[in-house]
Amino acid sequence: MEAESLMVLYGDDSVEVHYAGGSRLLLSPCGCEYLYEAALPAAAHPLQPAETTRQRVAFVVSAYREQLLRALDFRNKFSSRPYLPSRVIPPERKKILFSDILEIRWPDPAVADLTRCIDNGSVKISSVDGYAHLYLSELQQEFTVEFLCKVSQSSAASLHSSQKNSNYQTGDQYEKSSKNSVAEMSLKQMRIENKKNEHGCAAGKYREPTKAKDQKDGDGGPLFYTNCSSEYTWVTQRWSVSSYPEEWKYPLSLALMCCNLHTVKNVMKTCEKNSHTSIEADVLIDPETHVTVSCLPTALPLSCRAPHLHRWTFCDFFQNQDTEKYSCPQLIQIVWCHGVFYRFIHGRTNITEIYPGDNSFFKSEGAFLGNYFVHYAIQKGTKKREEKMYSVNSLPPDVPGNPYPISSIITQATKILQYCYKTKLSLTHNYYLCCWKMVPETDGREMLPVSLYEKVIPSIGRLVVYSDHKVHAAFWDGMTLNMVWDFSSSCSKIQVNEGVGWCKLTTPDGVQQLIQISHPGIYERYIRTAIEWCQSLNERKEIPEYTAHSVTEENWSADAELEKIQRFNFLLDNNSVLEGTRAAKNNPSGITVGKTENESEPEEISEECILEALEKTSKVIQDIESLLAASGKRKPHSM
């Protein structure tokens, strides 16, 4: 079995894995398809293509099963929606539940003692029912979640789930009583566990419902599993405190509150009890702590609804890092290389995090992004927090014997960060497309940015603003500039702390350069012109706010259809050509009749308006047909 040497999670949730032997594996964003490329033998001809295998994940062959399972675990660990095919998951990792887990309840800080969740500096918060757990690291910068998730289902199974529930309720009386007895036993057990965990946040261990020994089918399996049971599996995910899904907001606030209470108690040991309780009450007044119920992430379906968006081309950045052009540019989220994790958070606040594996981590953000990295660590003996800052321009040399080379991992993170900047600052928006996030009716068009503002400045050039905060400037001398600007902010200074602190310049001969905005050099004139224009738009607030909405969110009701008819009537009544034709037919003498004041007022929508609109529409169609027929008759005579 080949060991992994590199694992990458891209911005569209696709996964690329490189193995020590030279083989490569590519996993689709939804996780339902994979492409395996075998390594070429040493004596292979340079033009000999590599042997590739492309299959559905659910039907993976045994030769690639273990490798694919590890690639899936890597994807599910850092993706908001896991993909859990039951055929690939080992039986020991699956559990049988007799009820669907729709939501979970977290402990109430007003009742539970959160200070008991401290364990050697780390924090563990468990749901009351024991279906989810959150672990906050000692540095309070990353947390891990474990939760029970239902395995991926087919679209047909999801549609017929309600029918199965109705069949279960209207079955034979003996089967009904047996199923109800099993359900009652599982509910009693859950109530007992809820009472045990009601006054604390200790881990509530999951137990399978009690099964009667004599309830077996012909194959020896438990009775009614296929009718009323569901397969679940434990999913582990790792998230940064700086960026995480909404489902974990409340339990994370509990974990941070637990750390605050623990710190307060350590500091206020010598103070009076009343003063301590007042401080604790101030911490618990957070209004968000009262929402104790949250929903768990659901697994993606077995089949993809947009397989045409799957990318089957390997990114050659990690093989040709010294070149300027890369095939299939994609934003990078997670990189695992030789035991070191790199996390890149792309947004209005860009963050780079490095986890070398010794419970410490490096972070670069804000004004330090790409220039300075802060190393956070906890001393083993004193448990004190240490912070060291490293400059990219003057990194310490790698010392043999150190657990990890600081200079090498920071240099690698900087290269990946610059590659992401080049991808983000390009005008190719393919990295926005994700198959499982796409709306079928729009074919992914709702993910692509749109132009919000455009202006042509005389003797300077043309500037365009897109909905993804990207600015494109084309100057008259052939220079083009791409940069990112946050138009939601009204600050007048250079936005190095917000957005991307780099811009990409392309010369007339096609040479591309990545330049820091704070150090423009000889290109200061171009960068300063773009910045001043963006600042003027910020001050005047001329950029409209763009809210992406899909076609499915449109209101397909009678009111929407009536509004369309009203718009058509308005265009029809105000069309000078049709009005002139109609007036010529109705008034051959040429006498014009003025409209009254009441006729120009908008009429209320009613059935009469609809009938009148339909009559006008049919009449216009008849007029067009008569005109076409008349023109067709005139052509032979003209010849």
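Student: How many bridges join strand β21 to β22, and which way do they run?

Tutor: First, strands are DSSP runs of E, at least two residues long, numbered from the N terminus. Two strands pair if DSSP finds at least two bridges between them. In this predicted model, local features need pLDDT of at least 70, side-chain atom pairs count only at pLDDT 80 or more, and totals for chains, interfaces and linings use all residues. Residues are numbered from 1 along each chain as its sequence is written, and side-chain values use heavy atoms, with hydrogens and water left out. Here, β21 (residues 461–466) and β22 run antiparallel, joined by 5 bridges. Look for Leu-463, which stands opposite Ala-473 in β22.

Student: What lies between β21 and β22?

Tutor: The two strands form a hairpin with 3 residues between them. In that turn, His-469 has a positive phi of about 65°.

Student: Which residue of β23 stands opposite Ala-473?

Tutor: That is Leu-481. Strand β23 (residues 480–484) runs antiparallel to β22, and 5 bridges join them. β22 and β23 also form a hairpin, with 4 residues between them, and Gly-478 in the turn has a positive phi of about 100°.

Student: Why is β22 described as largely enclosed?

Tutor: Buried means under 20% relative accessible area, exposed means over 50%, and partly exposed lies in between (1.4 Å probe, protein chains only). In β22 (residues 470–475), 5 of the 6 residues are buried, so the strand is largely enclosed by the rest of the structure.

Student: And how does Met-389 read on that scale?

Tutor: Met-389, in strand β19 (residues 385–391), has a relative accessible area of 47%, so this residue is partly exposed.
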